[in-house]
Amino acid sequence: EVLFVLSCGHGKIPQKNQDGLIIRDIITVHFFDDQAVFYDNRFEQDDFVTVVAVAQTVRNRYEGSYQVEMWGLSMGPKRINGKTIRDCNNIQIRGKIDSVKVISDNYIILNVLTMVEKSYKNPNKESDVKKITKTFKSITPIGIRCKGDAKDVAWENYTEGTWVDVNAFVYGRNVGKVGNTTHVERVIAKNVTIIGNVQPHKITM
């Protein structure tokens, strides 16, 4: 396994801090097996790259906790013909709501069940298998920012079993005081589209 830590902006008009510097997300991407060896040999620190990955919820067996990780499928150079492509921090998730939790008046977490099949080029050139296809299944937590009406929004739209199509980004920050920070990565929705009908609430007596 190899971890690549990326610094990435997002949005057509990147946000800036009080010092005028662009606020960037710090995103960790995991590559495994032959891909780990291939990309570790091909790229090094300070390279500009474009990465395709899937979001996966992973259980920490030692702590009994869960966290979202980005598992890489492919990585290539971000500079093409001497020009650098604009930063793109984008996640597309389409699946069924497994559960919903209202954290505050302004924040909801949707746990969305997904199962997708992805193919990528086999980095082992000596293999007869040119493409590798894998199925990825995950229940991914997605944060939704509201405007003081989180309970109403969750009750009206985000019921268990409802299908959603979510356009999101990875929020990756080092939080805490200097010398004692924790790295946090979350999937935050930019917009959510309901697919089909909102399912009725499951109320047990």
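Biologist: Please take strand β10 (residues 163-177) as the part. Which residues does N167 touch, leaving out those up to four places away in sequence?

Modeller: The model is predicted, and for that reason local features need a pLDDT of at least 70 and side-chain atom pairs count only at pLDDT 80 or more, whereas totals for chains, interfaces and linings use all residues. Residues are numbered from 1 along each chain as its sequence is written, and side-chain values use heavy atoms, with hydrogens and water left out.

To begin with confidence, the mean pLDDT (the predictor's confidence in each residue, from 0 to 100) of the protein chain is 90, and 98% of the residues score at least 70. The lowest confidence in the chain belongs to strand β5 (residues 79-80), with a mean of 78, and the highest to strand β7 (residues 91-104), with 96. Where pLDDT is low, the predicted coordinates should not be read in detail.

Contacts (heavy atoms within 4.5 Å) with a separation of 6 or more come, to the extent of 63%, from residues 24 or more positions apart. Among the 205 residues, 35% are buried, that is, under 20% relative accessible area, with exposed meaning over 50% and partly exposed lying in between (1.4 Å probe, protein chains only).

Turning to strand β10 itself, N167 lies within the strand and, at 17% relative accessibility, counts as buried because the limit is 20%. The contacts of N167, beyond residues up to four places away in sequence, are with N90, I91, Q92, A189, K190 and N191. With two of these residues the side chain of N167 also makes polar contacts, at 2.8 Å to the side chain of N90 and at 3.1 Å to the side chain of Q92; a polar contact here is a pair of N or O atoms within 3.5 Å, where within protein one must be able to donate a hydrogen and the other to accept it, and residues adjacent in sequence count only if both atoms are side-chain atoms.

V166 also belongs to strand β10 and is buried, with 1% relative accessibility. Apart from neighbours within four places in sequence, V166 is in contact with I91, Q92, I93, I142, A189, N191 and V192. Its C-alpha atom is 6.3 Å from that of T193, a residue 27 positions away in sequence.

The I93 of that list leads on to T140, which sits in strand β9 (residues 131-145) and touches A55, T57, I93, L110, N111, V112 and V187, residues up to four places away in sequence not being counted. T140 is buried at a relative accessible area of 1%, and its side chain joins that of S138 through a polar contact of 3.1 Å.

For comparison elsewhere in the chain, F31 is placed in strand β2 (residues 25-31) and is buried at 0% relative accessibility. Among the residues that F31 touches are F4, Y39, V51 and M75, while 27 Å separate its C-alpha atom from that of I109, which is 78 residues away along the chain.

Two backbone angles deserve a separate look. Most residues other than glycine have a negative phi. D33, in helix α1 (residues 33-42), has a positive phi near 55 degrees and is exposed at 59% relative accessibility. D46, in the loop between α1 and β3 (49-60), has a positive phi near 80 degrees and is exposed at a relative accessible area of 67%.

Key
Helices (H or I, at least four residues) and strands (E, at least two) are DSSP runs, numbered from the N terminus.
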